[in-house]
Amino acid sequence: MPAPREAEVVRDADLSRLSTFRLPARAAELVVIEHPDQLAGLAPPASDELVLGGGSNTVFIGDFPGRVVLDRMRGLRFEETGDTVRVSAAAGENWHRLVRECLRRGLHGIENLAMIPGSVGAAPMQNIGAYGIELAECFEFLQALDRRSGEMVRLEREDCGFGYRDSRFKSADRGRFLITEVSLGLSRNFRPQTGYASLSEELARVGAVDPTPRQLTAAIMRLRRHRLPDPGRLANSGSFFKNPVLAASDAEALLAEYPALPHWPMPDGRAKLAAAWMIERLGWKGRSLGDAGVYRNHALVLVNHGRATAADLLRLIEAITDSVERHFGIRLEPEPMLVGR
Ligand SMILES: Cc1cc2nc3c(=O)[nH]c(=O)nc-3n(C[C@H](O)[C@H](O)[C@H](O)COP(=O)(O)OP(=O)(O)OC[C@H]3O[C@@H](n4cnc5c(N)ncnc54)[C@H](O)[C@@H]3O)c2cc1C
C-alpha cells in the first residue's frame, strides 16, 4: 500500500452533514484519517476530541469546541481458523458493506445486524444489536490507539465491558480509545436466529420459516425499511431512547398495570421494556415540536423534518421523558451521544 499522505485538516468545519440527524453545528478542527499510519501525526488532544464514523449515533446539539477525528480507514481481511473465519475490518469500513461481503463469502453470524447504519469502529461502542443478536456474540477483539498512553492496544471481548447498548467505550472510558480495527469470529455453518417475534412473523409470511442466509437478510432488510426512516431522506438517529431495563419485581408491578406492554427477559434476570410502546401510548407518535418530531411509523425514532434546531430537539426530548416518567415512573435515556455546547 502506498505511504499515506498527511491527514487532511479542516478548521472551523461544518458538521451538519456528518451526523445523520443533521442539526447545524461546527467544529474548531476536523481531521480526516484514511490510514492508521496517519495516527502517528495526530497530536495528543489539547482540548476535547471526538472520533466520528458515520455520525448515525451522534447528535450535535451545539458547536464542538475541540477536534473531530473523522475515521475513514478502509480494509477487510479474512483468515481461515478451522470452521470459524476471523474477519478483521478497518474501523472506517461501512458496517452494512461488511455484512454484505460476509454473506457473499458464506460467513455467518451477523445477518441479523444487516442495514445498521454507520461504521465498523463505532459498532463496539454501544454493542450494536438488532433482531435478537448483539455484536458481542461474534466479537473477538479490537485494536485501538489509547489516547491516554499513546500506545496501540489490543482489547479482547472480556476487556470491553459489553452490555445492552453499552460498553466501557461509552461509559468509563469514553473518548479514551480510537478504534482502528475490529475482529469478528464468523462461521461457515449457518444457524439462523429467528426467535425475535416480528422476524419470525415476517419469515412465516413469506413461507421461509427455515430461511436461507439470503432469505433471512432480505427479511431483516424489509422489516427495517418498513419501520425505520432512511436517514438520506428524513434525518434521524434510529432509536432515540434505550429500552429501560428494570429489576424483575419492578417490571412485574408495571406489567400488572399494563399487561400489553411488550417486554423481554434479560440474561441477568431483569426485564427490558418497550419504550416505543410507552411513548406511543402517551400520544407522541407523529407529533412535532418545532421541526423535531416523533416518526409516524415508529415512536422510538425522533426525526428532523428539515430545519430542526438543537432547541427543538431538546424540548422534544424533555417533553417525552417527562411525560413517560410522570406516567410510568421510568426516566428514559437517549441512545445516541448528544455532543456539543
Ligand atoms: C436508521 C437508523 C437505524 C439504526 N438501527 C440501529 C440498530 O438496529 N441497532 C443499533 O445498535 N444501532 C442502530 N442505530 C444506531 C447506529 O447506527 C449505530 O450505533 C452505529 O454503530 C453508529 O455508527 P456510526 O459510525 O454512524 O457512529 P458515530 O455516530 O459516528 O459514532 C458513535 C460513537 O462511536 C464513537 N466512535 C465512532 N468511531 C469510532 C472509532 N473508530 N473509535 C472510537 N470511537 C468511535 C463516536 O465517538 C461516538 O461516540 C441506527 C441508526 C439509524 C440512523
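**Ligand shell, domain contacts and local backbone features**

In this predicted model, the ligand is surrounded by 33 residues, of which Gly53, Gly54, Gly118, Gly121 and Gly238 are the closest. The elements that contribute two or more residues to this shell are β3 (49-52), β8 (129-130), β12 (177-187) and β13 (235-239). Classified by residue type, the shell around the ligand comprises 17 nonpolar residues, 15 polar residues and one charged residue.

The protein chain is divided by the domain assignment into domain 1 (8-71), domain 2 (76-187) and domain 3 (235-339). A separation of 28 Å was computed between the C-alpha centres of domain 1 and domain 3. The contact between these two domains draws 13 residues from domain 1 and 14 residues from domain 3. On the side of domain 1 that touches domain 3, the most residues come from strand β4 (residues 58-60), which supplies three. The residues on this side of domain 1 consist of seven nonpolar, five polar and one charged.

Nonpolar side chains tend to be buried together in soluble globular proteins. In the present model, the largest nonpolar core contains 87 residues, among which Val68 and Ile279 touch the most other members. Helix α6 (residues 310-328) is the element that gives the most to this core, with seven residues. When neighbours within four places in sequence are set aside, the contacts of valine 68 are Ala13, Leu15, Ala27, Leu30, Leu50 and Leu52.

Two strand arrangements were examined. Strands of a sheet pair through backbone hydrogen bonds, in either a parallel or an antiparallel manner. An open sheet is formed by four strands in the order β13-β19-β18-β17, with antiparallel pairing. Strands β13 and β17 (288-289) lie at the edges of this sheet, each pairing on one side only. Strand β17 is joined by two bridges to strand β18 (residues 292-294), and the two run antiparallel. Within this pair, leucine 289 is placed opposite alanine 292 of β18.

Glutamate 79 stands across from arginine 86 in β7. Two residues lie between the strands of the hairpin, where glycine 82 adopts a positive phi near 75 degrees. Strand β6 is hardly covered, as the count of buried residues among its six residues is zero.

Helix α1 (95-104) includes tryptophan 95. Tryptophan 95 is classed as buried because 26 C-beta neighbours fall inside 10 Å, where 20 or more are required. Beyond residues up to four places away in sequence, tryptophan 95 touches Ile116, Gly118, Ser119, Val120 and Ala123; of these contacts, Gly118 is also one of the residues closest to the ligand. Tryptophan 95 and alanine 114 are separated by 19 residues in sequence, with a C-alpha to C-alpha distance of 8.1 Å.

Most residues other than glycine have a negative phi. Methionine 115 is located in the loop between α1 and β8, whereas tyrosine 131 occupies the loop between β8 and β9 (133-134). Methionine 115 has 18 C-beta neighbours inside 10 Å and therefore counts as partly exposed. Tyrosine 131, in contrast, has 22 such neighbours and therefore counts as buried.

Alanine 172 was located in the loop between β11 (152-156) and β12. Because 9 other C-beta atoms lie within 10 Å of its own, alanine 172 is exposed, the limit for this class being 12 or fewer. The C-alpha atoms of alanine 172 and glycine 161 are 9.5 Å apart, while the two residues are 11 residues apart in sequence.

Key: Residues numbered from 1 in each chain as written. Predicted model: local features only at pLDDT ≥ 70, side-chain atom pairs only at ≥ 80, totals over all residues. Near = placed C-beta within 6 Å. Nonpolar A, V, L, I, M, F, W, Y, C, P; charged D, E, K, R; others polar. Pairing = 2+ DSSP bridges. Domains from an automatic or database assignment. Contact = placed C-beta atoms within 7 Å. Core = buried A, V, L, I, M, F, W, Y, C linked by C-beta atoms within 7 Å.
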